[in-house]
Structure formats: C-alpha cells, structure tokens
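Please read the numbered points with the sequence and the model in view.

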Amino acid sequence: MKHWALFLLLANWCYVQETQAEFFTSIGQMTDLIYTEKDLVKSLKEYIKAEETKLTAIKSWAEKLDQLTHTSTSDPEGYLGHPVNAYKLMKRLNTDWLKLESLVLQHTSDGFIANLSIQRQYFPTDEDENGAAKALLRLQDTYRLDSESISKGRLPGVQHAVSLTVEDCFELGRIAYNDGDYYHTVLWMQQTIKQLDEGEDSVITTAEALDYLSYSVYQMGDLSHAVDLTKQLVAVDPTHSRAKSNLRYFENLMNEERQADQSAGESESKERVYERPDSYLHERDAYESLCRGEGIKMTTRRQRRLFCRYHNNNNHPRLIIAPFKEEDEWDSPHIVRYYELLSNAEIERIKELSKPRLARATVRDPKTGVLTVANYRVSKSAWLEDDEDPVVNRVNRRIGDITGLEMETAELLQVANYGVGGQYEPHFDFSRKDEPDAFKELGTGNRLATFLNYMSDVPAGGATVFPDFGAAIYPKKGTAVFWYNLFRSGEGDYRTRHAACPVLVGSKWVSNKWIHERGQEFKRPCGLTEVD
C-alpha cells in the first residue's frame with residue numbers, strides 16, 4: 001500500500017506541474033509545493049523505514065528458522081516427539097509462513113514466492129493445526145498438566161526444550177473456544193494473560209484475552225467471576241462496546257440469582273472450581289488414571305503368580321535352539337510379553353516399508369463393517385503383505401511359531417505410528433454380538449488373539465492399558481505382548497477392552513497382528529466354558 005501511496009503522490013505532483021505551471025509566477029503558490037515535497041520526503045522515509053523493517057524481520061525469521069531446522073533435522077522423530085514442537089510445526093507451516101508470504105509480497109520477490117507456492121501444496125491445513133492444538137489439550141487433561149508446564153515445555157523425558165509464546169497460548173484458547181470448549185478456553189486465556197503480565201512482548205492484547213476469558217467463565221457458570229473479568233476488560237479498553245453490554249447483562253443475571261438465593265435462604269456461593277465436562281467415555285477417569293500410572297491393580301498376591309521363562313512352544317523346531325524370553329504381564333486374562341522379538345534392523349526395515357503408505361488409521365463401523373476414520377483414534381497406519389519383503393515374512397512366521405496359531409487366516413501386518421498426542425481410546429479388538437458383520441468380508445471369523453509388537457521406546461505416555469482390570473503395559477522397543485480376545489467357547493472376553501494412551505513425549509511405533517478363528521480348530525480347540 002505504501003508503494004501505491006508514494007506512486008500516487010508522485011503522480012499528483014507531476015499532474016500539478018503540468019496543469020498548473022504558473023506556480024513559478026507566485027511564490028505564495030510555490031510554497032505549497034515546498035510542503036508537497038516535504039510530504040513526499042516523509043513518505044519516502046516511511047517507505048525506506050518500512051523496507052528496512054521488513055528486511056530486518058525477514059532476516060530475523062530466517063536466522064531463527066535456520067537454527068530451529070538445524071536442531072529439528074538432527075533428530076526429526078525426537079524433536080517431534082515433544083508435543084509442543086509438533087504443534088508449533090503445524091502452526092508455523094499453516095499460519096506463520098503465510099504471514100511471511102504476505103510480508104514478502106509487499107515487494108517483488110518472485111523466486112521466493114514461486115518456491116513457496118510450490119511447497120505450499122505440502123503444507124498442513126487448518127485441520128492439522130487444530131488437530132495438533134487439540135492434542136495438546138488432550139495431553140493436558142490425561143496427564144493433568146497445568147498450562148504453565150506446557151507453555152514452558154516442562155514435560156517428562158523431553159529432549160528439546162521449547163516454550164509457547166503469548167500468541168501460541170492465545171491461539172490454543174481460541175481454537176478451544178471455537179470448538180465450544182470453554183473449559184480449555186479459560187485455562188489458556190488465563191495463561192495468555194499471565195505471560196502478558198510478566199512482560200512478554202506480543203501483538204495480542206490483554207483486552208483480547210479478557211474478552212474470550214470473561215465470556216467463557218460465564219459459560220462455565222461462574223457469573224460472579226465473569227462480572228469481575230468484564231469489569232477488568234472495560235477498565236483496560238473503555239471503548240469496548242460488547243464488554244459494556246455483557247457487563248450489564250451479567251450484573252442483571254447476578255442480581256436475579258442473588259434475589260432467588262435470598263428467597264430460598266441460600267448463602268452466597270463460594271468461588272467455583274472449574275471441572276472438565278462429562279465425556280461420552282464412561283471409563284474415562286479409570287483409563288486416564290492408568291495412563292498416568294495410577295490405579296494399577298498389581299497386588300503382591302497377583303505378582304507372585306507372574307513368572308519369566310524361556311518359551312519354545314512345546315519344542316517347536318525353530319525355537320528349540322533359540323527360545324524366546326517370555327514374561328507374564330498379567331494373570332487373568334493372561335497377557336505375556338516376549339523379549340528381543342524384533343531386531344533394530346527388522347524394525348527399521350518395517351518402518352521403511354510402511355512410511356510411504358501411512359494413512360489416517362481407521363476403525364470398523366460396528367454396524368456396517370466398513371473402515372472409517374474416528375476422532376478417538378489418532379494415528380496413521382499401513383498394511384504390509386506377507387510376501388512383499390523377507391522381513392515381513394520372517395516376522396509373521398515368527399509370530400506363528402511363538403503362538404502356535406495359524407497365520408494364513410490372520411490379517412496383514414498393520415504398522416501404526418502415533419503422532420502428537422496420538423491415542424486409541426478404550427476399544428475391543430474383537431467384534432461383539434451387536435456387530436456380527438464386522439469381519440464378514442474377511443471370511444475368517446472373529447479376532448481370536450492380538451499380537452502387538454512395540455517398535456520404539458516412548459519416553460512418556462503411550463502405555464497400553466486395560467481399564468476393566470487395571471493393567472498398564474509400557475512400550476519397550478523390540479518386545480511384543482500377546483493375549484486372547486476370545487474364550488475357548490468363542491465368546492468375547494470383555495475384560496480385554498484396552499486403550500493406547502496418548503503419547504506425551506516421543507514417537508510411538510507399533511505393529512499389530514490380529515489372528516482370526518478360522519484354521520485354529522486343532523491349534524486351539526474349542527471348549528464349553530468361558531476360561532482363558
């Protein structure tokens with residue numbers, strides 16, 4: 001715009017020179033040109049200053065990103081394992097780089113714009129940025145993290161310290177607000193104001209944060225605090241018309257409530273403690289407690305029933321010389337862990353095969369059996385054919401050797417990678433009676449058993465938990481856990497409802513092998529009773 005302003009001023013000057021050439025005949029008229037020239041010089045200096053400011057801003061941005069990318073590319077998975085890094089990457093590429101583009105477009109820079117336009121097709125979208133933001137909120141809830149800890153990057157097991165700016169905190173609150181999530185809006189607008197009060201520079205104003213905060217507090221039912229915050233907003237910005245209107249509305253409501261309380265003989269309400277809204281997930285509290293390592297029902301008596309041993313599956317020819325280390329993780333239902341199941345080379349090969357085809361993980365619709373995406377499963381997955389690589393074939397054969405079960409009717413090896421706050425809320429691996437068609441298209445019956453390979457260590461979070469009986473199993477790279485989903489009678493073992501806890505820090509890689517009923521008639525004979 002300043003370019004055009006300068007151009008118009010110059011054009012106007014030329015126009016005056018051409019149409020009013022009599023200026024030289026009148027010093028009085030010429031003095032007007034002096035002031036015109038002064039205005040032009042002022043505009044020219046503003047243009048130069050704007051260009052210098054722009055170049056300084058671009059240089060500062062480039063230096064900051066150069067240092068940041070040097071750190072991130074040295075250990076991509078470790079860097080993105082910190083959920084704040086992952087969120088800020090989404091935010092930078094979806095929002096901040098576009099702001100830089102607008103800045104650069106104020107002046108000709110064809111090369112950069114052309115390159116940015118080409119690269120933009122690979123940028124994350126609004127959905128990605130919002131998803132990463134909601135992941136941070138999910139981690140905050142599951143692991144009971146305060147906003148300050150997240151903002152300052154104080155998370156367990158982190159490798160790359162990082163903090164959230166005022167703008168970041170404000171954006172988290174705004175995203176929550178737009179989603180109707182007033183609980184998290186309150187938390188993050190409070191953090192925004194706190195960092196502003198501490199003197200952090202920002203284009204975000206206290207008034208903007210108070211505007212969101214006051215209304216969200218009202219929505220949370222704390223009318224008295226909403227009045228106080230709105231008064232603060234009016235004091236900070238006396239011209240805020242909506243704040244004045246809200247204040248009158250809140251005060252009228254509060255007076256009505258006070259009169260109603262007095263009529264009912266009730267005392268003044270105490271300061272409200274904000275609580276998360278109820279969840280559709282009935283076992284949310286138990287599930288999240290287990291994710292935090294709380295509520296695990298591993299008693300001394302139960303622990304005495306757990307053992308370690310070498311497992312050769314009744315002298316299987318391939319396991320006689322090289323049996324696997326087997327450890328009981330739980331007694332009933334029986335869950336075992338196998339050690340040194342996958343080598344580092346095998347893990348890297350499986351990851352190499354799956355990375356190009358990773359796509360948003362899906363779940364089977366219980367009514368139709370069709371695969372679909374779901375908000376309660378946040379990961380990407382790929383399916384590997386048995387014959388596409390010797391490593392995949394070897395791993396599948398190894399699972400068959402260990403379990404003694406038929407692999408021909410098992411599902412393909414599924415590889416999954418959990419992203420920022422990646423999780424899979426409590427679910428069953430097997431189909432229930434009200435969803436008989438879940439695996440109909442496979443023609444191999446229900447999912448008899450689950451064999452879960454851990455292909456990475458996870459510094460914090462990411463446990464596999466069983467809310468029904470209070471077990472938590474933590475990822476250990478190269479190990480695998482195994483359990484039966486069905487009793488010998490063919491009935492589902494509802495105790496095996498399990499979840500993949502949100503990954504707090506790190507990158508979680510797993511591979512699943514779901515073993516089906518068909519072909520197991522003589523390998524795991526049926527029984528009439530529901531026993532393991």
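1. Arg 144 is exposed, because its relative accessibility is 62% and the cut-off for that class is over 50%. In this predicted model, Arg 144 sits in the loop between H6 and helix H7 (147-151). The phi angle of Arg 144 is near 50 degrees, a positive value in a residue other than glycine.

2. Glu 340 also has a positive phi, near 55 degrees, and is likewise not a glycine. Its place is the loop between E3 and H15. With a relative accessible area of 57%, Glu 340 is exposed. A further backbone feature is the cis peptide bond from Ser 332 to Pro 333, where omega is near 0 degrees. Pro 333 belongs to the loop between strand E2 (324-330) and E3.

3. As to the overall content, the protein chain has 16 helices and 18 strands. Of its 532 residues, 45% are buried. Among contacts with a separation of 6 or more, 72% are between residues 24 or more positions apart.

4. The largest nonpolar core has 33 residues, and those touching the most other members are Tyr 338, Leu 341, Ile 350, Phe 451, Phe 482 and Ile 515. Elements that each give two or more residues to this core include strand E3 (335-339), helix H15 (344-354), helix H16 (390-403) and strand E18 (508-516). H16 supplies the largest share, 5 residues. Beyond four places in sequence, Leu 341 touches Phe 324, Glu 346, Arg 398, Ile 402, Phe 451, Asn 453, Gly 478 and Ala 480. There is also a second, separate core of 30 residues, with Leu 136, Leu 164, Trp 188 and Tyr 287 among them.

5. How do helices H6 and H9 meet, and at roughly what angle do their axes cross? The axes of H6 (residues 126-142) and H9 (residues 182-197) come within 12 Å and cross at roughly 90 degrees. H6 is therefore roughly perpendicular to H9. On the H6 side the contact is made by Leu 137, Gln 140 and Asp 141, and on the H9 side by Tyr 183, His 184, Leu 187 and Trp 188. Sorted by class, these are 4 nonpolar, 2 polar and 1 charged residues.

6. The structure contains 1 disulfide. This bond joins Cys 291 to Cys 501, with an S to S distance of 2.0 Å. The disulfide is left-handed, because the torsion about the S-S bond of Cys 291 and Cys 501 is about -90 degrees. The two cysteines lie in distant parts of the chain, 210 residues apart: Cys 291 in helix H13 (residues 284-291) and Cys 501 in the loop between strand E16 (498-500) and strand E17 (503-505). Both of these cysteines are buried.

7. Two further cysteines may be set side by side. Cys 169 is buried, at a relative accessible area of 0%, whereas Cys 526 is exposed, at 69%.

8. Tyr 376 is found in the loop between strand E6 (371-372) and strand E7 (377-378). Its relative accessible area of 31% makes Tyr 376 partly exposed. Apart from neighbours within four places in sequence, Tyr 376 is in contact with Tyr 280, Val 363, Gln 423, Tyr 424 and Glu 425. Tyr 376 and His 427 are 51 residues apart in sequence, while their C-alpha atoms are 9.6 Å apart in space.

Note on methods
Residues numbered from 1 in each chain as written. Predicted model: local features only at pLDDT ≥ 70, side-chain atom pairs only at ≥ 80, totals over all residues. Heavy atoms only, no water. Core = buried A, V, L, I, M, F, W, Y, C linked by side-chain atoms within 4.5 Å. Buried < 20%, exposed > 50% of the residue type's maximum accessible area, 1.4 Å probe, protein only. Helix = DSSP H or I, 4+ residues; strand = E, 2+ residues; numbered from the N terminus. Contact = heavy atoms within 4.5 Å. Axes fitted to C-alpha atoms, helices over the stretch in contact; angles between N-to-C directions. Parallel < 35°, antiparallel > 145°, perpendicular 65-115°, else oblique. Nonpolar A, V, L, I, M, F, W, Y, C, P; charged D, E, K, R; others polar. Disulfide = S-S within 2.5 Å.
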